[in-house]
Amino acid sequence: MAKLLVPLVMLGAVSGAGVVPVPLPPAPVSPQVSPPPRCPARCLCPAAAPSPTLLCARTGLLAVPPSLDRAAVELRLADNFIGAVGRADFANMSSLVHLTLSRNGLRRLAPGAFADLRALRALHLDGNRLPALSGPQLRGLASLRHLILANNQLAAIDAAAFAAFAATVEDLDLSHNNLPALPWDAVAAMGSLATLTLDHNLLERVPAGAVARLPRLARLDLTANRLRALPPVPGPPGPSLAAGGNPLHCNCELLWLRRVAQPGRLETCATPAPLAGRLLGAVPEEELTCRAPSVTAAAAHPPAVTEGQPLRLGCAAVGDPPPALHWLGPDGRVVQNGSRRSVGADGSLELRVATLRDHGGFTCVAANAAGEAAARVEVVVVPLPVPRDGARDGDGDGAGGTEAGPGPSDMAQAGGNDTWGGPGERQRVVAAEVTASSARIRWLPQRHVPGVRMVQIQYNSSADDSLVYRLLPPSSRTFVLRDLVPGRQYELCVSALRVLGDPPAAPRPLGCVSFATAAAPPGCSAPPRPHFLGGTVIIVIGAAIAASVLVFILILTARWKAAAAAGARRPPPTLTSVCSQTNGGPRPAETPELPALPPLPPPAAGGGPGGGARALFPSHSYPRRARPRRHGSLPRLDGPEGTPLGPPLRPSFGSTHWMLESTV
C-alpha cells in the first residue's frame, strides 16, 4: 500500500510545482452522412439500381403511399387497389420519369394530379375504369412521350386533354374503350405521333385529312370499330394500317385500300350485298363501283308564305356512297348557317324569317364521289299588304273599304323610300332625315288596333342577315336609328304587339320601308362618338387651366425680377432727424451736424411725468406711438445744461420695444 502511495504523492508534487500537462489532440470528427430515404412499407427499393426506383407492384395498396421518395426516377404501382389519385400524391416528384398505375381499378383522377411531373416520359394507366378524360386531369405533362390508356371505360375525351403534351407524345394507345368519337383536331396537332392505337372502340367515322396531318405516323390501328368508310392515308410510303373487323362498305372509295392491301389483311366487306363477307383484297377492282346521286324529293313547306314568317325546305337524295347535300340561294351563292338561315344534318334548309330576297328558286345540290345532282325549289314570299288611302283595318263599313288583294310592302322596294300603290295610297312607315349613320322613322297612329302593348321595330342590313329589334311604348310615333353603316341598304318593319287571348295574339304589322344610308364622303370619317367628344372636352379644359396657371406664374416671376432690379438701382435713404424710426441709417461720417441745444428750462411746478426731459418731445408729436425708451448703454441725449454732447447718436430699439410702441 505504501508503494502505491509514493508515486501518487510524487505526481501531486510535480503538479504543484507548476508543470503543465500536454493536452491530447482532439479525436477526428467523421462527416455526417444523411441516412438513405426510408422505403415505404410493402415496397422494394433496390440499392443496386442506377437511379432511385420504387417497386410497389402487387402489394395490395389501397392508396398511393404518402412516404414516397420524392427524388425517385421510376415508380411502379401496378396491380394494386388504388381507386383514386389525389392532387398531393405525386407532388414535388419532379425527377420522376416512369410511372405505372396499370390494373388498379382507378376511377378518379384529381385535376392537376400529375402537374408536378414535368420530367415524366411514360405514363401507364391501362386496365383501369376511367370513364372520361378532361383537360385539367393531364395538365403539366410537358415531356410525356408514351401515354397508355387501353382497357378503360372511356366514353368521351375533352379536346384539351392532350394539349399539354401534343408536341412531344409519340405513342398514344386508346384501344379497348367505348369511344364513339375522338377529338381529331387535337390528335392532328400531335406532330411527333408515331403510333396511334384505336382498335376495339365504337368509332363510326374518320374525318378526311385527319391522318394526312400526322407527318410522322408509322402505325395506325383501327381494328374492330364501326367504320363503313376510310379516308385515304398518305403514301407510299405511308403508315401501317390495320382496319379489319369494320363493317366496310366496299365501293369506289376503297379502291386505294384495295391497292395497298397485302396478303394476310383482314379487311372484309359488309355491304353491298353481292360483296358481303368477302375480303377486300379478293374483290376485283371492277366490282368496286359507285353510283351517281339523284334527288328524290325537294319541296318547300309551306310553298308560299308572307314575309316575316318561317319556311322550311326539304331535300332527299340517294346514291352510292350517300351524297352530301347543300343549298344554293336565289342569288346563286351557297347558303351558310346564320341567324336567319340554318342547314340541318338531314340536308333541310330552315328560313326563320322569310324576306322578299328569299323569293325565287333555291337549288338543292347532292354530291358524292361519282358525281352530283341538283333540284330547284320555288319559294313564294308574299309581301305585307299596304292599305289604300282612307282604309281602316278592321272597319268594314268605311267608305273607302280595304284593298281587294295584298299589295307589295315597302320592303319590296330596294331603291328608296317609295311605296307601291297609286296616287291615292299613302305611306304608313316613312324613313326621313336619312344620313350616313342615322335615320328617323315615322309611322301613322294606330288607335284602331285594340290591345296594343308596345311597338316593335325590326330591321336588317343587306350585307348582314341578322335582325335588330327595338321595343317602344305604344304611344310612340317616331324613332331615330343610330349607328348605321354608311352606304348600306336597310329593310325595316314596324309591328304592334298585342296581348289578347291565350295564347297572345301574333304581332300586327303596321308597315315596312326600305331605305339606303348616304355614302360617306371620301377621306372623311364618321362623326366622333359622344364619349370621345366628352373626353376631348375634358382634355381641352384641363389644357386651358394648365396654360392659365403657367402664364400666371410667368407674370409673377417677371414682376418679381423687375422689382428686384428697381430696388438695386434705388439710392440709399438719408437721415433727416435723429428721431427717425427706421433701424437703418447713414453712416456716422455722413450724419449732418446738429445745432447746439438750448438750455433746459426749469421744471414746472407740481412736476410729474410730463415735466423735465419729456418737454423736448411733446406727446402730440407721436400720435400713434409713445416715445421709445432709451437704452442704458447709450449716452443721454438730454444731459444737464452745459454738458457737451458728443457726436449725434441714433437710439437703438429692440424688437420688444418696437412691439410696445406699435401697440401704444
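**Close-up views of a predicted model**

**View 1. Strand 18 and its partners.** R291 stands opposite D320 in strand 18, within the antiparallel pairing of strand 16 (residues 291-301) and strand 18 (residues 311-320), which extends over eight bridges. Strands here are DSSP runs of E with at least two residues, numbered from the N terminus, and two strands pair if DSSP finds at least two bridges between them. Strand 18 is also joined by three bridges to strand 21 (residues 349-351), again in the antiparallel sense, and R312 stands opposite E350 in strand 21. The model is predicted, with pLDDT of at least 70 needed for local features and 80 or more for side-chain atom pairs, whereas totals for chains, interfaces and linings use all residues. Residues are numbered from 1 along each chain as its sequence is written, and side-chain values use heavy atoms, with hydrogens and water left out.

View 2. Y459 belongs to strand 26 (residues 452-461) and is buried, with a relative accessible area of 7% (buried means under 20%, exposed over 50% and partly exposed in between, with a 1.4 Å probe and protein chains only). Leaving aside residues up to four places away in sequence, Y459 touches S466, L467, V468, R470, L481, L484, Y490, E491 and L492, where contact means heavy atoms within 4.5 Å. The C-alpha atoms of Y459 and Y469, which are 10 residues apart along the chain, are separated by 6.8 Å.

**View 3. V549 in helix 4.** V549 lies in helix 4 (residues 530-569), helices being DSSP runs of H or I with at least four residues. V549 is partly exposed, with a relative accessible area of 44%.
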